[in-house]
Amino acid sequence: MTASITDHSLILVHTTCADAGAARALADRLVAERLAACASFGPGVTSVYPWAGRIETADEVALALKTTRARFAALAERLRALHAYEVPELLAIPVIEHDNDYANWIIEWVHSDTA
């Protein structure tokens with residue numbers, strides 16, 4: 001499939017996971033299922049948030065997924081189904097500048113049926 005850079009706008013989807021193993025498993029599935037073209041995760045972060053009437057603190061791993069806006073709904077549905085958290089962090093951030101070759105690579109991966 002040949003995709004034009006204007007066919008789909010890119011987004012960066014951000015979530016957090018309990019540990020690197022959970023982030024890796026989620027990344028592997030979402031890329032294999034062509035919902036994201038790339039997933040990046042790294043050293044842990046500490047999150048502070050209200051939950052069940054208390055302020056909680058948790059060590060987590062941030063996970064960034066590169067995809068298109070057109071694939072967000074499917075990615076979000078699958079992420080919620082696979083994620084261990086009851087309410088996973090799920091943020092879509094628009095990409096306002098990018099390299100065209102990289103963008104086309106993302107678009108071609110997430111919008112084609114075969115590699």
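Helix 3, residues 100-110, has these buried residues: A103, N104, I106, I107 and V110. Down the helix axis they fall within an arc of 160°, so they line one face. That arc is taken over directions from the axis to the C-beta atoms. Buried means under 20% relative accessible area, with exposed over 50% and partly exposed in between, using a 1.4 Å probe on protein chains only. Helices are DSSP runs of H or I, at least four residues, and strands are E runs of at least two, numbered from the N terminus.

Quick caveats. This is a predicted model: local features need pLDDT of at least 70, side-chain atom pairs count only at pLDDT 80 or more, and totals for chains, interfaces and linings use all residues. Residues are numbered from 1 along each chain as its sequence is written, and side-chain values use heavy atoms, leaving out hydrogens and water.

What do the buried residues of helix 3 pack against? Strand 1 (10-17) and strand 3. At the helix start, a side-chain oxygen of D99 comes within 3.1 Å of the backbone nitrogen of D101.

Now T67. It sits in strand 3, residues 54-68. Is T67 buried or exposed? Buried, because its relative accessibility is 0%. Beyond neighbours within four places in sequence, T67 is in contact (heavy atoms within 4.5 Å) with residues including I106 and V110. Both of those are among the buried residues of helix 3. The contacts of T67 also include S9, L10 and L35. A polar atom of the T67 side chain lies 2.7 Å from the backbone oxygen of L35.

Terms used: Polar contact = N/O pair within 3.5 Å; in protein donor to acceptor, adjacent residues only side chain to side chain.
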